[in-house]
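Student: Pick one part of this model and take me through it closely. Then set it in its surroundings.

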Amino acid sequence: MLAKGIRIEGLKKRYGSGDTAVDALRGVDMQVDPGEVVGLVGPSGSGKSTLLKCLGAVIEPTAGRMILGDTTIYDNGWKVNDLRALRRDKIGFIFQAPYLIPFLDVTDNVALLPMLAGVANGEARQRARELFQALDVEHRAKAMPSQLSGGEQQRVAIARGLINRPPVILADEPTAPLDSTRALAVIRILNDMARKFETAIIIVTHDEKIIPTFKRIYHIRDGVTYEEAGEGRAFE
Amino acid sequence: MISLAGRDIMHAWGKFVFTGMGLGLLIGVTLSMAGIYRGMVDDAKALLDNSGADLWVVQKDTLGPYAEPSSIYDDTWRAIRGMPGVARTANVTYLTMQVRQGDRDVRTMVTGVTAGESGTPGWPPYLVAGRQITRGHYEAVADIATKFKLGDRLQIRRNHYTVVGLTRRMVSSGGDPMVFIPLKDAQEAQFLKDNDAIHQQRRRTAANPSFNRPQVPGLLDSVIASQSTNPYVNAVLVQIEPGHSPDLVAESIRRWKRLTVYTRSQMEEILVGKLIATSAKQIAMFLVILSVVSSAIVAFIIYTLTLGKIREIAVLKLIGTKNRTIVGLIMQQSIALGLIGFVVGKITATLLMAPIFPKYVLLEPLDSVIGFVAVVVICILASIIAIRAALKVDPAEAIGG
């Protein structure tokens with residue numbers, strides 16, 4: 001039994017009911033260990049986004065089980081009362097676009113999350129500075145998001161996903177807007193961070209450039225996942 | 001904790017401040033409207049205060065002398081003066097008209113006051129320049145709002161008057177500045193006709209066999225003489241002796257002299273409740289309309305600002321921000337917009353609108369406090385639509401798919 005990471009068993013999600021019901025997930029099984037980065041790939045309409053939303057406690061599955069770290073968060077019904085607190089404290093999100101808050105500077109964009117969780121201002125900013133060093137954006141700490149390059153914005157978004165040291169990070173096509181060099185750089189950073197912080201990272205992608213970097217890949221088609229060993233190609 | 005509302009405002013402060021200034025001009029108009037109403041009430045009270053009267057004796061069953069025409073004989077004061085509790089009485093006439101001075105004319109309330117001394121009912125209680133009227137004819141004391149100066153020659157009807165004194169805040173209930181002239185001149189001014197009209201009237205009287213009877217010598221001359229004099233005044237102003245009840249003295253005059261008498265509170269009710277009631281209702285309607293328009297503008301601005309942040313709000317909700325933090329973001333911005341608007345509005349009303357407005361604008365501190373509270377309440381209510389929109393945002397929107 002894992003002490004961290006995420007495991008899902010027989011996860012189902014049905015939209016609608018009766019004749020118009022659509023089974024977006026038909027019994028998904030998945031396990032991602034701490035420090036591991038796995039890919040989740042599949043064509044449009046395969047259920048990737050639905051799975052991501054279920055994992056992110058944004059929508060409620062219809063059936064199945066989800067275990068986050070050593071806590072069962074879903075077992076044919078939510079087992080936690082405060083889903084927002086769950087998302088804030090246990091799950092990191094990295095989006096296709098960075099979606100930084102435009103009116104907060106880089107430090108505040110990242111430090112906001114621990115502050116929302118009740119961490120003191122000074123400590124939250126210290127945590128943000130440590131991440132900026134690790135992600136090589138400490139020189140941009142006072143900049144506004146509009147002053148950053150696309151790669152810098154995505155690194156700040158990664159810092160935001162990591163700041164609360166969540167056991168799992170869900171990344172929704174984080175390299176889509178980037179060229180191959182920057183995309184591979186982002187994947188390398190995510191791998192480094194996963195190892196450093198013992199975080200399980202699930203990356204949803206169709207990006208052919210980064211698929212060879214995964215050691216394990218979950219293919220999803222018609223709401224069912226198939227696990228496959230990846231190439232795990234080394235970064236240049 | 002970071003102030004999200006403050007950071008958002010500072011991020012686009014120019015847009016926010018300019019929007020607040022636009023709203024402020026509207027609030028300025030609203031405060032000025034309240035000030036105009038207060039000014040009207042104050043004008044009415046000033047008229048009563050400055051008359052120095054405790055009672056107004058007027059024609060029976062009229063609301064005179066300010067709200068309705070009133071005529072009583074100019075010797076009525078003698079009978080009233082002798083009644084118990086009456087200290088002083090004075091005839092008075094009021095006539096609103098254009099007074100000419102050189103090439104210009106000014107709308108004024110010409111007030112005829114009896115000869116006497118300072119403190120006589122109807123007299124201006126104080127002067128800012130010059131002296132009171134001392135001669136029986138052709139002298140005038142004018143309010144400085146007329147912009148007349150000492151020594152100016154005024155034309156009222158066919159006669160000319162010299163300004164010998166200037167006073168301040170002596171206005172009619174409509175806000176027209178007052179010009180005081182001797183009572184006899186004022187009585188004449190009220191009924192004085194031009195030469196042609198007098199000639200016509202005499203000819204008509206002479207042609208009337210009832211007045212032109214050869215067997216009654218002197219009758220025609222007597223009738224013509226009576227037609228060319230005015231024995232009426234509009235009211236008798238009464239000051240009562242200390243220790244006497246105005247209500248009891250008024251009741252006594254009503255009973256024994258068969259005239260209508262108003263006390264200070266009754267006259268105030270007539271002026272405020274009847275004479276300026278329609279204007280007050282119009283202003284009240286304007287205040288309501290302006291408040292509704294202000295609310296709609298604030299609601300629209302805040303709603304638009306919120307719609308522009310839908311993605312950020314979805315991200316905030318996804319990363320675990322509580323609803324109250326998001327509500328605080330929107331409501332604080334709405335209140336901040338209102339505060340900027342109120343400050344701009346107060347400055348606009350005080351420094352720009354009040355000094356140049358043709359009517360007296362009285363901006364009372366209590367009205368400002370009420371206005372401030374109203375702005376805050378309106379901003380809170382106006383933010384509800386935007387808050388509802390924000391709370392409906394699905395955090396899943398941040399993930400896409």
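Tutor: Start with β9(A) and β10(A), which pair in the antiparallel sense over six bridges. Strands here are DSSP runs of E, at least two residues long; helices are runs of H or I, at least four long; both are numbered from the N terminus. Two strands count as paired if DSSP finds at least two bridges between them. This is a predicted model: local features need pLDDT of at least 70, side-chain atom pairs count only at pLDDT 80 or more, and totals for chains, interfaces and linings use all residues. Residues are numbered from 1 along each chain as its sequence is written, while chains are lettered from A and ligands numbered from 1 in the order in which they are written.

Two residues lie between the strands of the β9(A) and β10(A) hairpin, where A:Asp222 takes a positive phi near 55°.

Now cross β3(A). Strand β3 (residues 37-41) runs parallel to β8 (residues 200-204) of chain A, again with four bridges. There, A:Val38 faces A:Ile202.

Put together, six strands of chain A make an open sheet, ordered β6-β7-β8-β3-β9-β10, with mixed pairing. The twist averages 20° from one strand to the next; the axes are lines fitted to C-alpha atoms, with angles from 0 to 180 degrees between N-to-C directions.

What packs against β6 and β7 (168-172)? The buried residues of α5(A) do, and they also pack against α3 (106-116), α4 (121-135) and α6 (180-197) of chain A. Packing here rests on contacts: C-beta atoms, placed from the backbone, within 7 Å. In α5(A), 11 of 13 residues are buried. Buried means 20 or more other C-beta atoms within 10 Å of the residue's own; exposed means 12 or fewer, and partly exposed lies in between. Among the buried residues of α5(A) are A:Glu152, A:Arg155 and A:Arg160, along with A:Val156, A:Ile158 and A:Leu162. The length checks out too: α5 (residues 150-162) should span 18 Å at 1.5 Å a residue, and its end C-alpha atoms are 19 Å apart, which agrees. The expected span is 1.5 Å times one less than the number of residues.

Step back to the chain. Chain A has six helices and 10 strands. Its radius of gyration is 17 Å, close to the 18 Å from the globule rule for 236 residues, so chain A is as compact as a globular protein of that length. The radius is taken over C-alpha atoms, and the rule is 2.2 Å times the number of residues to the power 0.38. The C-alpha atoms of chain A fill a box of roughly 55 × 40 × 35 Å along the principal axes. Buried residues make up 50% of chain A.

Finally, the neighbour: 25 residues of chain A are in contact with 19 residues of chain B. On the chain B side, α10(B) gives the largest share, four residues.

Conventions: Contact = placed C-beta atoms within 7 Å.
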